[in-house]
Amino acid sequence: MSKYSDKSLKVSKKYLLHAKFEVAERIWFYLIPTAQGRVKWLRKHKKLAMLGDHVHWQPRKYPTDGNMLKIHDNVAIASNVEFTMHDIIHWIFDGIEGHRCFQEFADCIEIYENVFIGAGTRILPGVSIGPNAIVAAGAIVNKDVLPGTVVGGVPAEVIGPFEELKKNRKIYSDKIQSVKADNINVDDYLWNEFSKNHKIEAGKNYEGH
């Protein structure tokens, strides 16, 4: 007999049945074509503990433990962002003991107002972000993001103030508006600027530089 044959270690039939219905819901959610459509669906089905106004939800999936996620007003969540409110380390510890005796670890996540979370970011349990904060793409956030900061990296660290980025984006926005007013194609303008800032010649050997 296997050391893992104790009935308490088995996944319950009730859980498996719920999982089947959950798969159907997640397929439906994935097929919703717009971020705002997904927000509307999340709100209608009460999938999160809190979902504020003017929220942009780009990810094609929603978290398993949405009841432990609060999102305040004016928040933008880019594609492939993941919120992790629990882990399954208890599965290993229970296996060592030979029966179910450890509880699943879980904690809440709260995203305050005026927050942007970049693509591919993962937010871990027990974290609050903002208000007025930006998380750069690809970050792993394992501790609180303080108000008014920009963070990035693995793990995420402060890389600048919120207001400075806001100021720089205003300068950029004004420039683009000026380009449009001059009837210059924006794509052409961006490629020209890119070429100025990235002076790499095709075919040239840059080894050692």
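Author: Six aromatic pairs turn up when the whole structure is searched. This is a predicted model.

Start with F29 and Y62. Their ring centres are 5.2 Å apart. Their planes stand at 90°. Planes over 60 degrees apart count as edge-to-face, so the pair of F29 and Y62 is edge-to-face.

Now place the two rings in the chain. F29 belongs to helix 1, which covers residues 13–30. Y62 is in the loop between strand 2 (55–57) and strand 3 (69–71). The two parts are 33 residues apart in sequence, so the pair ties them together. Are F29 and Y62 buried or exposed? Both are buried.

Next, look at W191 and F194. They also form an aromatic pair that is edge-to-face. Here the distance is 5.5 Å centre to centre, with 75° between the planes. Both residues lie in helix 5, residues 186–197. They are three residues apart, about one turn of the helix. What about their cover? W191 has 58% relative accessibility. Exposed means over 50%, so W191 counts as exposed. F194 has 42% relative accessibility, so it counts as partly exposed.

Another ring with a charge over it is that of Y30. The charged end of R60 sits there, 5.6 Å from the ring centre.

The patch is about 1,000 Å². Y15, W91, F93 and F102 are among its members. Which elements give two or more residues to the patch? They are helix 1 and helix 3, the latter spanning 89–97. Helix 3 gives the most, with five residues.

I96 is placed in helix 3. Its relative accessibility is 57%, so I96 counts as exposed.

F29 in helix 1 pairs with Y62 in a loop, and both are buried. W191 in helix 5, by contrast, counts as exposed.

Note on methods:
Residues are numbered from 1 along each chain as its sequence is written. This is a predicted model: local features need pLDDT of at least 70, side-chain atom pairs count only at pLDDT 80 or more; totals for chains, interfaces and linings use all residues. Side-chain values use heavy atoms; hydrogens and water are left out. Rings of Phe, Tyr and Trp (its six-membered ring) pair if their centres lie within 6.5 Å; planes under 30 degrees apart count as stacked, over 60 as edge-to-face and the rest as tilted. Helices (H or I, at least four residues) and strands (E, at least two) are DSSP runs, numbered from the N terminus. Buried means under 20% relative accessible area, exposed over 50%, partly exposed in between (1.4 Å probe, protein chains only). A charge sits over a ring if NZ of Lys or CZ of Arg is within 6 Å of the ring centre and within 35 degrees of the ring normal. Patches are made of residues with over 30% relative accessible area and no salt bridge: like charges are joined within 9 Å, nonpolar side chains (Val, Leu, Ile, Met, Phe, Trp, Tyr) within 5 Å. Accessible areas come from the Shrake-Rupley method with a 1.4 Å probe; for residues, only the protein chains shown count as cover. A salt bridge is a side-chain nitrogen of Lys or Arg within 4 Å of a carboxyl oxygen of Asp or Glu.
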